[in-house]
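Trainee: Please take me through this model, starting with its pockets.

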Amino acid sequence: MNYNTKIRYDFIKNRNKFFIFSIALTVLGILSLLIFNLNFGVDFKAGTNMDISVGKSTTQAEAKAVIEQAGIKGITPTVGGAGNERVSARFDEVLSQDKITEIKKLFTEKYGEHVSAEVNVVSPDMAQELGIKTIWAILIASVAIMIYVMIRFEWRFALAANIAILYDAFVVIALFSIFRLEVDLPFIAAVLTTIGYSINDKIVIFDRIRENLRFGQFKTREQLADMVNASIWQTMARNIYTVLAVLVVALSLFIFGSESIKLFALAKIIGLTSGAYSSICIASPLWLMFKGDPKTKKAAKVSTTP
């Protein structure tokens with residue numbers, strides 16, 4: 001089968017450039033995690049979160065001033081909800097019940113008796129347990145996906161896909177570490193859904209590679225490389241449309257959503273972009289590397305024939 005890929009960009013031929021870029025980003029992310037770690041939100045470290053409904057429009061400066069009256073400095077609350085009536089404040093320490101009561105009383109004095117507050121407290125033990133469970137969730141999801149791909153395809157596809165989806169998850173984590181963005185429970189949901197969307201792109205390309213492999217005869221590695229590159233281009237439109245459909249939603253959430261959901265949307269945007277990139281530039285070239293030289297395999301088979 002003849003694959004005319006000369007008029008199109010050759011992703012396979014330029015795979016080393018993508019590998020170098022991906023390795024460099026991975027190393028940078030590892031260094032950032034080792035030096036700075038993640039900027040954990042209250043969900044992953046001991047602290048207190050207060051969501052206060054004041055019943056009337058307020059501003060961030062006014063809410064901050066009320067909190068400072070309670071003797072707590074350095075807290076920048078977020079204001080949102082219908083008519084900017086909700087104040088969300090996160091404290092890096094576990095507040096005593098007296099301090100929580102004092103803060104609510106100060107808001108009541110300023111905004112009236114209709115003030116209500118929802119308080120969430122995370123102890124150090126709970127934060128540590130949540131972090132461990134998050135790691136297990138990502139590992140279990142990755143192993144389950146690898147088993148699924150091995151059943152549907154073969155181990156080379158499974159290994160290439162798993163490396164790529166772990167890379168996608170790590171890119172989201174690394175960029176949040178580098179730019180010191182807050183990591184909370186919605187962030188974990190974004191990472192896990194990134195893995196799901198990422199494997200979908202890879203399955204589409206792998207399915208086309210398997211189909212072309214079944215109906216073609218490849219005697220050299222160059223022919224095999226041309227087939228993989230052609231498979232990428234044959235599924236390019238479908239992958240782009242699929243990613244764009246979800247990306248438009250994520251961008252809308254980031255632009256028009258409340259402050260509490262912006263970081264979730266940003267993590268989704270990063271994950272979707274990385275997933276599309278890794279499907280084309282990492283997973284497919286990795287499968288080709290694992291596949292080896294068809295000519296060498298054929299010769300080896302002939303040499304063992306009595």
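**Pockets and an exposed residue**

Trainee: Which strands and which helix each supply at least two residues of the lining of the largest pocket?
Mentor: Strands S1 (39-40), S2 (47-53), S3 (78-80), S4 (86-91) and S5 (116-122) do, together with helix H9 (259-291). These are DSSP runs numbered from the N terminus (helices H or I, at least four residues; strands E, at least two). The model is predicted, with local features needing pLDDT of at least 70, side-chain atom pairs 80 or more, and lining totals using all residues. Residues count from 1 along each chain, and side-chain values use heavy atoms, without hydrogens or water.

Trainee: Which of them gives the most?
Mentor: S4, with six residues.

Trainee: What is the volume of the largest pocket, and what lies closest to its centre?
Mentor: The volume is about 860 Å³. Of 34 lining residues, Thr 78, Ser 88, Arg 90, Glu 182 and Ser 260 are the closest to the centre. A pocket is an open set of points on a 1 Å grid where a 1.4 Å probe fits, with protein on both sides within 12 Å along at least five of seven lines; lining residues have an atom within 4 Å of a point.

Trainee: And the second largest pocket, how much space lies there?
Mentor: About 460 Å³. Among its 21 lining residues, Leu 38, Thr 134, Ile 135, Ile 138 and Ile 173 are the closest to the centre. Helix H4 (124-152), helix H5 (155-178) and helix H6 (185-215) each give two or more, and H4 has the largest share, eight residues.

Trainee: Changing topic, where is Ile 23 found?
Mentor: In helix H1 (residues 15-35). Ile 23 counts as exposed (over 50% relative accessible area) because its relative accessibility is 54%.

How values were computed. Buried < 20%, exposed > 50% of the residue type's maximum accessible area, 1.4 Å probe, protein only. Points joined across faces, edges and corners; volume = space filled by probe spheres on them.
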